[in-house]
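Work through the exercises below with the structure open beside you. Try each task before reading its solution.

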Amino acid sequence: MASVDQVLVAFDGTPLSEKALAHALDVYSDASITVLHVIDYIEESYSAKALVGDETLRKRAQERSAELLAEAEAKADEHDRVVKTASEVGKAADAILEYADTHGIDVIVIGSHGRSGVARMLMGSVAETVMKRASVPVTVVR
């Protein structure tokens, strides 16, 4: 089995992404771990309670991303580990794949929400897309 030096964990603050991070911290104890949060402005705009200007939406999304990444750093600290953090803008699966390809990532760890039926058709599956298109191994945590 090849050595794993660089691990990418997709992180959105959900319990499943927290499980994915914990898994990476436990399993890849010798690897460098990068926690990536993807800002999807379309998704953010759907969750906005009131119509706000694009700049306000962008600022709110960036602040939320910074908060999530700080949470990930705190969780890593609980495991006596330090992680790198990054945020990208775009569609989650595309951003995860591009980051992995351009940063020498050996393994991607991602949580799966396990949607099925209509919810899966409407929302898609980031984990499934990443698994199908990744050029490196992908661990899906449920």
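Buried means under 20% relative accessible area, exposed over 50%, and partly exposed in between (1.4 Å probe, protein chains only). Helices (H or I, at least four residues) and strands (E, at least two) are DSSP runs, numbered from the N terminus.

This is a predicted model: local features need pLDDT of at least 70, side-chain atom pairs count only at pLDDT 80 or more, and totals for chains, interfaces and linings use all residues. Residues are numbered from 1 along each chain as its sequence is written, and side-chain values use heavy atoms, with hydrogens and water left out.

**Exercise 1. The overall plan**

Task: Find how many helices and strands the protein has, and in which pattern they follow along the sequence.

Solution. 
- Step 1: Count the elements. There are six helices and five strands.
- Step 2: Read along the sequence. The pattern is β-α-β-α-α-β-α-β-α-α-β.
- Step 3: Check burial. Of the 142 residues, 37% are buried.
- Step 4: Turn to contacts (heavy atoms within 4.5 Å). Take those between residues at least 6 apart in sequence: 75% of them join residues at least 24 apart.

**Exercise 2. Strand β1**

Task: Decide why strand β1 is described as largely enclosed, and name the strand it pairs with in the parallel sense.

Solution. 
- Step 1: Locate β1 at residues 6-10.
- Step 2: Count its buried residues. Four of the five are buried, so β1 is largely enclosed by the rest of the structure.
- Step 3: Look for a partner. Two strands pair if DSSP finds at least two bridges between them. β1 pairs with β2 (residues 32-39) in the parallel sense, over five bridges.
- Step 4: Pick out one position. Gln6 stands opposite Ser32 in β2.

**Exercise 3. Helix α1 and Ser17**

Task: Compare the span of helix α1 with the expected value, then describe the surroundings of Ser17.

Solution. 
- Step 1: Take the helix. α1 covers residues 15-27, 13 residues in total.
- Step 2: Work out the expectation. The expected span is 1.5 Å times one less than the number of residues.
- Step 3: Compare. α1 reaches 18 Å from its first C-alpha to its last, close to the expected 18 Å.
- Step 4: List the buried residues. They are Leu16, Ser17, Ala20, Leu21, Ala24 and Leu25.
- Step 5: Focus on Ser17. Its relative accessibility is 3%, so Ser17 counts as buried.
- Step 6: Find its contacts. Leaving out residues up to four places away in sequence, Ser17 touches Ala10, Phe11 and Asp12.
- Step 7: A polar atom of the Ser17 side chain lies 3.1 Å from the backbone nitrogen of Gly13.

**Exercise 4. The salt bridges**

Task: Find how many salt bridges the whole structure has.

Solution. 
- Step 1: Apply the cut-off. A salt bridge is a side-chain nitrogen of Lys or Arg within 4 Å of a carboxyl oxygen of Asp or Glu.
- Step 2: Search the whole structure. Two are found.
- Step 3: Take one pair. Arg133 bridges to Asp94, with the closest N and O atoms 3.0 Å apart. Arg133 lies in helix α6 (residues 126-133) and Asp94 in helix α4 (residues 92-102), so the pair ties together parts 39 residues apart in sequence.
- Step 4: Check accessibility. Arg133 is partly exposed at 48%. Asp94 is partly exposed at 34%.
- Step 5: Take the other pair. Glu128 and Lys132 meet at 3.2 Å, N to O. They are four residues apart in helix α6, about one helical turn.
- Step 6: Check accessibility again. Glu128 is partly exposed at 26%, whereas Lys132 is exposed at 63%.

**Exercise 5. Arg81**

Task: Find which side chain of opposite charge is nearest to Arg81.

Solution. 
- Step 1: Arg81 lies in the loop between α3 (54-78) and β3 (84-89).
- Step 2: Lys and Arg count as positive, Asp and Glu as negative; His and the chain ends are not counted.
- Step 3: Look at the backbone. A polar atom of the Arg81 side chain lies 3.1 Å from the backbone oxygen of Leu25.
- Step 4: List contacts beyond four places in sequence. Arg81 touches Leu25, Tyr28, Ser29, Ala31, Ile33 and Ala76.

Definitions and conventions:
A polar contact is a pair of N or O atoms within 3.5 Å; within protein, one must be able to donate a hydrogen and the other to accept it, and residues adjacent in sequence count only if both atoms are side-chain atoms.
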